[in-house]
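Biologist: I have the sequence and the model open side by side. May we go through them together?

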Amino acid sequence: MAKYEYILGDSSYEVKRLAFQAGVWRDMTEGLFDRLKVGPGWKCLEVGPGTGTTMLPLARRVRGKGGRLDAVERSPRYAEYLRRKTRGKPYAHVRILEGELLDVSLERNAYDFIFARWVFLFLPKVEEHLRHLARALKPGGLLAIEDYHRDPMAIYPRLPTWPLLVTADRAWFASQGGDLNIAGRLPKLFRRVGLKTIEITPHTKVGSPKTDVWRWAEAYFIGYLDQIAKFKPFTPKTAARFKREWLAAKRDPDALFISPMILDVVGRK
Ligand SMILES: C[S@@+](CC[C@H](N)C(=O)[O-])C[C@H]1O[C@@H](n2cnc3c(N)ncnc32)[C@H](O)[C@@H]1O
C-alpha cells in the first residue's frame with residue numbers, strides 16, 4: 001500500500017456533510033461526555049476533529065481550572081479552520097497540532113481523556129495508533145472511541161444492488177487499510193496496548209426517507225457514489241442501478257433506513 005490516503009478528503013461538500021452529520025449524532029457524543037463526567041480542568045486530546053463539531057463543545061467543557069485541549073488533525077484546511085475558530089480568549093487553552101497522528105509527538109502520561117469519533121475506521125495499523133495514544137494517557141486516563149460496527153446497516157425495501165454497494169464501500173475503505181467494522185475489534189486491541197475496556201455503548205437510528213438519518217445516509221451513499229463505483233463488485237453500471245433503486249425507495253411510504261451501529265468504546269489505562 002502507498003502512503004495512507006484519507007479517502008473522504010476535505011472538500012466543501014465534505015465540510016457540509018460533516019456539519020449535517022454532527023447535528024444527527026450530537027446527543028450520542030454529548031451523552032458520552034456526560035457519562036464520563038468530562039469537565040473543567042481535564043487535560044484532553046481529540047484526534048481527527050475535522051471541522052470541530054465535537055472539539056469546540058469539548059473545549060468549552062474543559063475550560064477553567066487548568067483544563068486543556070489539544071487536537072491532532074491531518075488536513076491543513078481543517079487545521080487552519082480550527083485555528084481561526086479558536087483564536088479568541090475563550091479558547092486560549094486549545095492547541096491545534098497539524099499532522100498525521102503517528103507523526104505528531106505526544107507528551108507521555110499527559111492526558112486525562114483522549115477522544116476520536118469516526119477516525120479509526122479509516123486507519124491502517126490501528127494497534128500502532130492506539131499504542132501511541134495509550135502512552136500519552138495518564139495512568140487512570142480514559143481513551144474513548146466512537147466508531148462503526150457497520151454490519152447491522154440495512155434498507156427496506158431490500159434493494160437488489162444493496163449487497164454490492166456494501167461490499168464495494170468496504171473495499172474502498174480497505175484500499176487504505178481501513179475497516180468499517182473497526183469498533184468490535186477495539187476491546188481486544190485496547191487490551192494489547194494496556195487499556196482496560198470499561199464501557200461499550202451501542203447506538204443506532206432508524207428512519208423513513210423524510211428523516212435526518214435517511215438524509216445522512218443519502219449524503220454519503222449518493223454523494224460518494226462515484227468513488228464507491230470504482231470498487232468491486234460495483235461498476236459504473238451497477239452504481240447507476242443502485243441510484244435508481246434508492247430514488248425509487250424514497251417514494252415508498254414504508255421505506256426505512258437502519259443505520260450502521262456505532263459503539264462508544266472506552267478504555268482506562
Ligand atoms: C470522518 S471525519 C470525522 C471528523 C470529526 N471527528 C467528526 O466526528 O465530525 C475524520 C477526520 O479524521 C481526520 N484524520 C484522518 N486520519 C487522520 C490521521 N491519521 N491523523 C489525524 N487526523 C486524521 C480527517 O482529516 C478528518 O478530519
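Predicted model: local features only at pLDDT ≥ 70, side-chain atom pairs only at ≥ 80, totals over all residues.

Biologist: Understood. Where is K65, then?

Modeller: K65 is in the loop between α2 (55-62) and β2 (68-73). Its phi is positive, about 55°, although K65 is not a glycine.

Biologist: Is K65 buried or exposed?

Modeller: K65 has 76% relative accessibility, so it counts as exposed; the cut-off for that class is over 50%.

Biologist: Let us turn to the ligand. Which residues come nearest to it?

Modeller: There are 18 residues around the ligand, and Y4, G48, E73, E100 and R117 come nearest.

Biologist: How does that shell divide by class?

Modeller: The shell around the ligand has 10 nonpolar, 4 polar and 4 charged residues.

Biologist: What is the distance from the polar side-chain atom of E73 to an oxygen atom of the ligand?

Modeller: The distance is 2.6 Å. For R117, an N or O atom of the side chain is 2.7 Å from an oxygen atom of the ligand. R74 takes part through its backbone: one of its N or O atoms there lies 3.4 Å from a nitrogen atom of the ligand.

Biologist: And how much of the ligand does the protein bury?

Modeller: The protein buries 99% of the 590 Å² that the ligand exposes when taken alone.

Biologist: Where does the ligand sit?

Modeller: The ligand sits in the largest cavity.

Biologist: A change of topic: the cis peptide bonds. What joins Y156 and P157?

Modeller: Y156 and P157 are joined by a cis peptide bond, with omega about 0°. P157 belongs to the loop between β6 (154-156) and α5 (162-174). The peptide bond from K232 to P233 is cis as well, and its omega is near 5°.

Biologist: Where is P233?

Modeller: P233 is in the loop between α8 (225-228) and α9 (236-249).

Biologist: What about P90?

Modeller: P90 is in the loop between α3 (76-85) and β3 (94-98). With a relative accessible area of 40%, P90 is partly exposed.

Biologist: Now the helices. Why is α7 described as largely enclosed by the rest of the structure?

Modeller: Helix α7 (residues 212-221) is largely enclosed because 7 of its 10 residues are buried.

Biologist: Which residues of α7 are buried?

Modeller: They are V213, W214, W216, A217, A219, Y220 and F221.

Biologist: Last one: L186. Which helix is it in?

Modeller: L186 lies in helix α6 (residues 186-192). At 0% relative accessibility, L186 counts as buried, the cut-off being under 20%.

Biologist: How far apart are L186 and L130, in sequence and in space?

Modeller: L186 and L130 are 56 residues apart in sequence, and their C-alpha atoms are 9.4 Å apart in space.

Terms used:
Residues numbered from 1 in each chain as written. Heavy atoms only, no water. Near = heavy atom within 4 Å. Polar contact = N/O pair within 3.5 Å; in protein donor to acceptor, adjacent residues only side chain to side chain. Areas by Shrake-Rupley, 256 points an atom, 1.4 Å probe, with all protein chains shown as cover. 1 Å grid on protein atoms, 1.4 Å probe; cavity = no way out; pocket = protein on both sides within 12 Å on 5 of 7 lines; lining within 4 Å. Sits in = over half its atoms within 2 Å of the grid points. Nonpolar A, V, L, I, M, F, W, Y, C, P; charged D, E, K, R; others polar. Buried < 20%, exposed > 50% of the residue type's maximum accessible area, 1.4 Å probe, protein only. Helix = DSSP H or I, 4+ residues; strand = E, 2+ residues; numbered from the N terminus.
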